[in-house]
Amino acid sequence: MDIATNPTTPEGNPELADAAPMPHAPPVIQRADYKPLAWRVPTTHLDFQLGLEATIVTATLEIERNPDAAPSSELRLNGDSLTAQSVTVDGAPAQWRMDGPDLLLSLSGDRHTVTIVTDIDPGANTQLMGLYASGGMLCTQCEAEGFRRITFFPDRPDVLSVYTVRMAADKATFPILMCNGNRTAEGQGADGTHWAEWHDPWPKPSYLFALVAGNLVANSKPFTTASGRMVECNVWVRREDLARTDHALESLHRSMKWDEDVFGREYDLDLYNIVAVSDFNMGAMENKGLNVFNTKYVLADPDTATDADFDAVEGVIAHEYFHNWSGNRITCRDWFQLSLKEGFTVLRDQLFSQDMRGESVKRIEDVRILRAAQFPEDAGPLAHPIRPDSYREISNFYTATVYNKGAEVIRMMRSMVGESRFRAGTDLYFDRHDGEAATCEDFVRAIEDGADIDLTQFRRWYSQAGTPRVAVSQAVDGDTLTLTLMQTAPATPGQPDKLPMPIPLRVAVHSRQSGALGSEQLIVLNEAEQSFILPLTGADPVVSINRGFTAPVVIERALVREDLVFLAAQDNDPFARSEALQELAVGHLIGAAGGTLSNADRQGGEAAIIGAFRSSLNDSALDDAMRGELMVLPSETYLFEAMAAGERKADPGAIHAAREALKGAIGAALKDELLALHARTSALRLDDPAGRGARKVKSIALGFLAAGDPECAGDLAAVQYDTADNMTDRQGALMVLCGLDHPARAAKLAAFHDRYKDNALVVDKWFTLQALSLHPDVIEHVRALAQHSDFTMRNPNRVRSLHMAFAGNPKGFHAANGEGYRMVADVILALDPINPQTAARFVPALGRWRRIEPGRAAMMKAELERIMAAGNLSRDTYEQVSRSLEG
Ligand code: B3K
Ligand code: ZN
């Protein structure tokens, strides 16, 4: 496909050409406009003559009128950059015309056979949507609207069809040919070609179609399902990667077993294939029976992957597997319902990982991600409900809101009804809607019916954007405490006023004086303001609220420092302990950044945080994994949000300085304890059961030491690097060195590159470490790295490893002279014609300008305006930039 023919650019679309330099806005699609298609497509036959530069696709669709839709004699077959070579209906030339990128067929009967031939150039497909070439192999990505780049088709998720696919290709180049379902036939052709035919018995929408052709080998291990079905499980990779696939395969088996045990879901084909490709726009894709994965979420061994990478592989393998039921067996009626499958599947993968790795640590990690990625989205110009009402480009709505807040919303239902009633609800959902393209409303109704709960008011969580704030006040009256809660939700684009939503909160009332810990109960705040009477356990009551983060809200309250210190050290909910420490740090850092702290307050705050850190370091009841969580300071993005609440604006420079100062104070005050922790954890062997937690705290300790005594920490990091027998330690050491002007910095970076230069995923790390670093010259480093011979804009992992990492580095991105903003805007402009989906992902960083102090805000806005003025933008980038300027 030639990008100049992209119908979303003025060259490709005469209507848009008039509008230069500012193109007309691409059309807005409204949820309220949904109508079922007038035609069904019970079966689809595809024939592929595969080639890297030229592939011929013959699609044969059996179509029939849809009795559940308003009749129409026209059928719209979506296309994107396609030209039909021939179109026949029932074997005769058809009546058809093009309408923009789509093909419109005129049909007279009730049932027809439509045959269309198209030819495509996978090698020129830099968008990586549809059929494309990656490292000599061919693969597909169809969600959300990529299938229309392969052939003309009603490319919408409510059109379910049974697919039979025949692929023919040169055998030497493409020895392996795979598609969804099972292989039903294969054979040899002329001139060194071969062919295979695959059939998927399960009706599916076009976005779940997949094809892979290449020179691949598999790591295989069968799984026997609860009902005795033997499933062949394969992880397909390039031969040189085979040794790093065991963890992925084992993770798949664990996921299959867990879904049977916890949700009663069994796999439904004889074959489960996972294929790793190195050019991929996101993490992975749940195509029926043939998942396509970014190599980053498949390949792992201790020498090349960190412990966090191992966890990510397990989590993404699980996520895609769980989609087999929440997404594939029951899919979405339209793309506005995306959270139906994504929110639910994220919750399922989170619960799985909690069971595999420990509930509290996983919950703390998930909440940290929500706060860093979703809260800013909910507070900015791109805020949208988990079920959006409109979009211009659906790819822009694969967001933290749809995914992570979507999961939180379903988690709240689960918290309110408890595990077993929730299971009754999901059982009913799976039974009732199996084989359908369903809606979020269908899901809510199934939980209502199955779990026996009225969710009328709760439905507002699906339609209202913005993170609710809950103001807490308390009054003691004899033996009881009256807790008064007030909820408000901020205005968001298109939604000035909000109605109260049910907010489930697990609470407990402890006594600071006696140390007695109160028992936990769940309260649900339904009204704008509501009071709850809770029993007291003793004097100086301290309320522990939103334990386990039962609701995705911001709690606003003014707890005295002593109360937070008490909760941080003593709360019996580990999640609540970490929350108290976060609250302590957020309060202190916002005060310090805002310049509102007296010297005494600053010292008092610092001393309290250092004291809390000391208790965590010395608490022998804690394991290192949890200790590590307690030692993570709030992220700068989260601090921006906290500082920008209300009328104030965030000052990134002041926040960075305050946070670094606190790190330095902790590093200096606790140097001995941190050195002791580093020494203790360094003594553990790679395979020690406590090794994972140890590796985690080891590098965290090094980070604090680097802020307190850079030279000493640099020396220690160099030793850690040299003695490391695993990537977690090696990367941890290099991360610290990268931020320092230490003599070992350049040598270790060079050694790392030299050692791993043939491993793309580790070279990505090499780029990321430098782009994320605290080094004063980070901008110059990134500029030079963009010219490095290993850098390319064509590979999304590489682009993310350098530029996305830099956009997430508050120090570099928010450089006071605006250079960071300019660099990111330049990336968007350069990448948009190559890969619009990935380019648009950079826009939200600049889009936060309204929350930032006026000097920087003006520069961020100016960069967005410069992008807009460049014209010729993709639909993806146009939508994100225009919303960021309007919102
Ligand atoms: N469903 C895919 C995401 C597709 C993104 C398209 N832009 C992966 C996932 O969420 O599992
Ligand atoms: Zn998903």
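Biologist: Hi! Quick one to start: which residue in S26 does Ala475 stand opposite?

Modeller: Thr482 stands opposite Ala475 there. Strands, like helices, are DSSP runs numbered from the N terminus (E, at least two residues, for strands; H or I, at least four, for helices). Before we go on, this is a predicted model, where local features need pLDDT of at least 70, side-chain atom pairs count only at pLDDT 80 or more, and totals for chains, interfaces and linings use all residues. Residues are numbered from 1 along each chain as its sequence is written, chains are lettered from A and ligands numbered from 1 in the order in which they are written, and side-chain values use heavy atoms, with hydrogens and water left out.

Biologist: Good to know. How many bridges join S25 to S26?

Modeller: Nine, and the two strands run antiparallel. Two strands count as paired if DSSP finds at least two bridges between them. S25 and S26 make a hairpin with two residues between them, and Gly478 in the turn has a positive phi of about 60°.

Biologist: And what is the strand order in the sheet with S25 and S26?

Modeller: The order is S29-S26-S25-S31, an open sheet of four strands with mixed pairing. Strand S29 (529–535) and strand S31 (554–556) are the edges, each pairing on one side only. From one strand to the next, the twist averages 30°. For such angles, axes are lines fitted to C-alpha atoms (for helices over the stretch in contact), and values run from 0 to 180 degrees between N-to-C directions.

Biologist: Do S25 and S31 pair in the parallel or the antiparallel sense?

Modeller: Parallel, over three bridges. In S31, Val554 is the bridge partner of Arg469.

Biologist: Let's switch to the metal. Which protein atoms are the donors of the zinc ion, ligand 2?

Modeller: His319 (NE2), His323 (NE2) and Glu342 (OE) are its protein donors, lying 1.9 to 2.0 Å from the ion. Donors here are N, O and S atoms within 2.8 Å of the metal (3.2 Å for Na, K and Ca); water is not among the atoms, so sites may look incomplete. Along the chain, the donors follow the spacing H-x3-H-x18-E.

Biologist: Where do His323 and Glu342 lie?

Modeller: His323 is in the loop between H3 and strand S22 (331–332), while Glu342 is in helix H4, so the pair ties together parts that are 19 residues apart in sequence.

Biologist: Now ligand 1. Which residues come nearest?

Modeller: Of the 13 residues around ligand 1, those are Glu143, Ala284, Glu286, Glu320 and Tyr403. A residue is near a molecule or strand if one of its heavy atoms lies within 4 Å of it.

Biologist: Which side chains have an N or O atom by an oxygen atom of ligand 1?

Modeller: Glu320 has one at 2.8 Å, and Glu342, also a zinc donor, has one at 3.0 Å. The protein covers 95% of the 340 Å² of accessible area that ligand 1 has on its own. That area comes from the Shrake-Rupley method with a 1.4 Å probe; for residues, only the protein chains shown count as cover.

Biologist: Which elements give two or more residues to that shell?

Modeller: Strand S20 (284–285), helix H3 (307–322) and helix H4 (338–357).

Biologist: What about Glu143, where does that one come in?

Modeller: A nitrogen atom of ligand 1 is 2.6 Å from an N or O atom in the Glu143 side chain. The peptide bond from Glu143 to Ala144 is also cis, with omega near 0°. Ala144 is in the loop between strand S11 (137–141) and strand S12 (161–170).

Notes:
A polar contact is a pair of N or O atoms within 3.5 Å; within protein, one must be able to donate a hydrogen and the other to accept it, and residues adjacent in sequence count only if both atoms are side-chain atoms.
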